[in-house]
Amino acid sequence: MQPIGTISHESELQQPRRESTSSTSDPTQARDARGDAREVRPTTINRAPRFSIAVLATAIRELLEYRYLLYTLSVHRLKVRYKQSVLGPAWAVLQPVLLMILFTVVFSRIVRLPSEGVPYALFAYSALLPWTYFSSSLSSATNSLVSHFSLVTKVYFPREILPLTYVIAGLIDFMVASVVLGGLLVYYRVPLTVHALVAIPTIAVLTVFTVAASFILSAIQVRYRDVGVAMPLVLQLWMFVTPIVYPLSVVPTRWRGLYELNPLVGIIDGLRRVIVQGAPPDFHALGISAAISVILLPIAFIYFKRVEATVADVI
């Protein structure tokens, strides 16, 4: 009887040998362990960027290269939101209108909060309109990476496109719901003044702050899902520390400086002043909101890009 080692050695010798072949000249081809040709695909390694102007410019340039994807996903977001819905886009109007009716009954008829000489329905709706845009966009964008984990882990694209699509969809809803605000202005015979032009940069500041907050919270949500769970409660508390159901003038002077650190204070109060009251905005409060938003956006973007390098592994 031959040893097992000898048998295995002889059986190996009986196997036909492969003839050695010359290496291929195609740089996209390589050979595996069996000697078969296989295609070599280019590999991109994402590294966490450092905070610098060059890195920020590169990220913005890459985002612009994917602008068609941003447009396509934003349109898809609107179609999916109202798919198989009886009322369709009317839901963009119903939410602030129903809240306006509720607040008018409670805070005008029962609690009797001041509205600075403006009909309370118009007073409340002019603040609920930007608030609904902010809250709905932020709550949806916070879960954008987690809810699209199958897309994030399979295909590379700038991940900031996902939260941006929710903000763009919220902005479109905001424009649709603004038609009701125009109807209320006509119904209560409130004319627009030249100060209404300030509403355009004010909405731009609101959008910048919404995008910055969406970048930060969606990035944190990848590692800590508590953010998404706590978001409804945070938004409810945030609404009552913002001059929506009450005017800014009722806030005590000693608390005004701390109160105006909330970026939504200057934005919502400014929109109400220029559109409904026909007066110039409180430039101090609006300036604080603009400064916070402009400073926060690049910081939030760089933080998002740092998290993006590992989001596919963590999500």
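A: Leu 145 counts as buried because its relative accessibility is 2%, where buried means under 20% relative accessible area with a 1.4 Å probe and protein chains only. The model is predicted, so local features need pLDDT of at least 70 and side-chain atom pairs count only at pLDDT 80 or more, while totals for chains, interfaces and linings use all residues. Residues are numbered from 1 along each chain as its sequence is written, and side-chain values use heavy atoms, with hydrogens and water left out.

Leu 145 sits in helix H6 (residues 144–147), helices being DSSP runs of H or I with at least four residues, numbered from the N terminus. Although 77 residues separate Leu 145 from Val 222 in sequence, their C-alpha atoms are 7.0 Å apart in space.

Turning to helix H5 (residues 120–142), its 23 residues should span 33 Å at 1.5 Å a residue, and the end C-alpha atoms, 32 Å apart, agree with this; the expected span is 1.5 Å times one less than the number of residues. H5 has a kink of about 25 degrees at Leu 128, shortly before the proline Pro 130, the bend being the angle between axes fitted to the seven residues ending at a residue and the seven starting there. Of the 23 residues of H5, 20 are buried, so this helix is largely enclosed by the rest of the structure.

Technical notes:
Helix = DSSP H or I, 4+ residues; strand = E, 2+ residues; numbered from the N terminus. Buried < 20%, exposed > 50% of the residue type's maximum accessible area, 1.4 Å probe, protein only.
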